[in-house]
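Here is a two-chain model to read through by questions. Keep the sequence and the structure in view.

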Amino acid sequence: MKPHGLIGDEWLVSYAAGALSNVHALTIASHVSYQPEMQEKIRAAEAIGGDILCQEETAAISETLLAETLAKLDHHETEQEAAINKEASNTDTDIPSCLRDYLGANLDDLNWKLMGPGMHQVKLATGPEGEKLWLLRARGGTIIPEHDHRGTEMTLVLRGSYHVGSDHYTPGLIEIADADVLNHQPMIDEGEDCICLVVTEAPIKLKSFIGRMVQPFIGL
Amino acid sequence: MAHISSIATDTVTFEELAALVAKKRDKEAFATLFEHFAPRIKSYLMKHGLENGHAEEIAQEVLITFWRKATLFDPQKAKLSTWLFRVARNRMIDLKRKRKYPEVNADDHLAQMVSAERTDRPIEVKQDAKLVASALGILPKNQRKAIELSFFDELSHSQIAEKLSIPLGTVKSRIRIAFNVLRKELGDQG
């Protein structure tokens, strides 16, 4: 049985290998930021990367490279950490810092666009395989229109919570809805707005007539 | 050209050399590390599509980054090869995608921190590359392939599925199983 709300190890390995698109890498890094055990696994996968690096054949390097490098060291000595001067313009301390760096502005200050009854979105990026990264903000009590998927949909909860059937998703947990998930109908828990980081791999198929009507407008 | 470095790496570990760089700003220790790692990092970068001159330049940059940040390297937490791999990987991705690879910040301490899953023993820091070679060797060929396509070719799960003409679910389970075999293997022997 897969643990509830946690991503599979194959994603951690691909993250460590550098094999994820930035859209997926940001989502996985954000999810893992809540999970110390998974951070440990990523370190293990990176150690495998380091060992693979050690076993690389040795490429010929120019004879002068070492001398040139040594000559550069004194110059770099003074640089220290001065270059690290991030504009931390997102001050939401409740979300992962990789996501804060990426967003650059607080969640509340983003340009939220109405997407449907009780639902707003901010489109963030499109990955190399057409996958879309976006934020969803849904009012407490909202029922997301029932839909099927044509690709995997990943939903990481940042604030608030929702449930699908008996599965409950709270901040830090991720829901993976594979292409074979039919009639997917998440229900936002009563109370505060639920904000999620979502990666949608392929256009989702809305079931209802109304859903199909609004689809072109919400851009999913 | 005369080699500046004369430290024999079979009597001293990379982590000990790294400590000399961090604490004593020891250039001889740095040169020894450079001679070991620069050609390997260059080879890794070339496999990922960087051309010769560029790969060399970035390999140099990775080692200079280590010189600058050596005091931040904690041998209790990671092996030097892991640290250099991470820097090389991030630098390569920055270059190819013109965007920073998102990194997990272990100091986030998010209020909601959940620990839903028990993990096995963390991998031992002192494993060496030969063990990984033999650990990779015990994997069935198809699992090994999935790991190598991830690390060498940066292929996504769906790209691997396409390349090997196998279902996506099979790719995921092969990577998952292989990773857990490697972790156990390396953890037990560490």
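The questions below move from the chains to single residues.

This is a predicted model, in which local features need pLDDT of at least 70 and side-chain atom pairs count only at pLDDT 80 or more, while totals for chains, interfaces and linings use all residues. Residues are numbered from 1 along each chain as its sequence is written, and chains are lettered from A and ligands numbered from 1 in the order in which they are written.

Q: How many helices and strands are there in chain A?
A: Helices (H or I, at least four residues) and strands (E, at least two) are DSSP runs, numbered from the N terminus. By that rule, chain A has six helices and 11 strands.

Q: What percentage of the residues in chain A is buried?
A: A residue is buried if 20 or more other C-beta atoms lie within 10 Å of its own, exposed if 12 or fewer, and partly exposed in between; C-beta atoms are placed from the backbone. Chain A has 220 residues, and the buried share is 45%.

Q: Over how many bridges do β2 and β3 of chain A pair?
A: β2 covers residues 119-126 and β3 covers residues 132-138. Ala125(A) stands opposite Leu133(A) across this pair. The sense is antiparallel, and the count of bridges is seven.

Q: Which residue of β9(A) stands opposite His163(A)?
A: A three-strand open sheet of chain A has the order β7-β6-β9. Within it, β6 (residues 162-164) and β9(A) pair in the antiparallel sense over two bridges. The residue opposite His163(A) is Met187(A).

Q: How many residues of α1(A) are buried?
A: This helix runs over residues 9-17 and is largely enclosed by the rest of the structure. Its buried residues include Trp11(A), Leu12(A) and Tyr15(A). The count is nine of the nine.

Q: Which helix gives the most to the side of chain B that touches chain A?
A: Residues are in contact if their C-beta atoms, placed from the backbone, lie within 7 Å. The contact takes 67 residues from chain B and 66 residues from chain A. With 12 residues, the top contributor on the chain B side is α2(B).

Q: How many nonpolar residues has the side of chain B that touches chain A?
A: Ala, Val, Leu, Ile, Met, Phe, Trp, Tyr, Cys and Pro count as nonpolar, Asp, Glu, Lys and Arg as charged, and the others, Gly among them, as polar. This side has 13 polar and 18 charged residues. Its nonpolar residues number 36.

Q: At roughly what angle do α3(A) and α4(B) cross?
A: Their axes come within 7 Å. Residues making the contact include Leu53(A) and Cys54(A) from α3(A), and Phe85(B) and Arg89(B) from α4(B). The axes cross at roughly 90°.

Q: Which residues of chain B is Glu56(A) in contact with, leaving aside its neighbours within four places in sequence?
A: Glu56(A) sits in the loop between α3 and α4 of chain A. It is partly exposed, with 19 other C-beta atoms within 10 Å. Its contacts are Arg40(B), Ser43(B) and Tyr44(B).

Q: Is Lys98(B) buried or exposed?
A: Lys98(B) lies in the loop between α4 and α5 of chain B. Its phi is positive, about 55°, although it is not a glycine. With 8 other C-beta atoms within 10 Å, Lys98(B) is exposed.

Q: Is Glu154(B) buried or exposed?
A: Glu154(B) is in the loop between α6 and α7 of chain B. It too is not a glycine, yet has a positive phi of about 50°. With 21 C-beta neighbours inside 10 Å, Glu154(B) is buried.

Methods
Pairing = 2+ DSSP bridges. Contact = placed C-beta atoms within 7 Å. Axes fitted to C-alpha atoms, helices over the stretch in contact; angles between N-to-C directions.
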